[in-house]
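The following exercises concern the structure displayed below. Each consists of a task and a stepwise solution.

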Amino acid sequence: MSIYEVLGGNNKKDKKRNVLKSLFIVESRGSVVEIEAEPYDDAYNTNHIDDTMEKITRILDRREKAIFKALSKDTGREIEVISITFFDDMSVCGGCTKVLGKKAVLLY
């Protein structure tokens, strides 16, 4: 399931490009959600992966309340941390940690 779907979207039916469709929930344990970011559509640009990673962190910061609320509802427990591993077409490119109430931090 993607963050886009947790927020009420449908990856299959919704045709517009959205980078949130590329954020797939892998695991949740305690108050942490692990996410893998992989190319789903052209909104996730692997040719400029640094720009894509920065774009996702800006979205996480801007839509923080809605994303954490939806993840908490989906998992059935209070989510306070999102951990993301970014992939391009073939390899790991970096990571990101988003703590509720703080700015997202990119890890290269």
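## Exercise 1: Charge, size and surface of the chain

Task: determine how many positive and negative side chains the chain has, and how far apart the centres of the two sets lie.

Solution. Step 1: the chain carries 18 positive and 18 negative side chains, where Lys and Arg count as positive, Asp and Glu as negative, and His and the chain ends are not counted. Step 2: each charge is placed at NZ of Lys, CZ of Arg, CG of Asp or CD of Glu. Step 3: the centres of the two sets are 8 Å apart.

Two conventions apply throughout. The model is predicted, so local features need pLDDT of at least 70 and side-chain atom pairs count only at pLDDT 80 or more, while totals for chains, interfaces and linings use all residues. Residues are numbered from 1 along each chain as its sequence is written, and side-chain values use heavy atoms, with hydrogens and water left out.

Solution. Step 3: along the principal axes, the C-alpha atoms fill a box of roughly 35 × 35 × 25 Å. Step 4: the accessible surface is about 6,300 Å², with 48% belonging to carbon and sulfur atoms; areas come from the Shrake-Rupley method with a 1.4 Å probe, and for residues only the protein chains shown count as cover.

## Exercise 2: Order of elements

Task: give the number of helices and strands and their order.

Solution. Step 1: helices (H or I, at least four residues) and strands (E, at least two) are DSSP runs, numbered from the N terminus. Step 2: there are 3 helices and 5 strands. Step 3: from the N terminus on they run α-β-β-α-α-β-β-β.

## Exercise 3: Side-chain to backbone contacts

Task: identify which backbone atoms the side chains of serine 72 and asparagine 10 reach.

Solution. Step 1: a polar contact is a pair of N or O atoms within 3.5 Å; within protein, one must be able to donate a hydrogen and the other to accept it, and residues adjacent in sequence count only if both atoms are side-chain atoms. Step 2: serine 72, in helix α3 (residues 64–75), is buried at 12% relative accessibility. The side chain of serine 72 reaches the backbone oxygen of phenylalanine 68 at 2.9 Å. Step 3: asparagine 10 sits in the loop between α1 (3–6) and β1 (23–29) and is partly exposed, at 27%. A polar atom of the asparagine 10 side chain lies 3.0 Å from the backbone nitrogen of lysine 13.

Technical notes. Buried means under 20% relative accessible area, exposed over 50%, partly exposed in between (1.4 Å probe, protein chains only).
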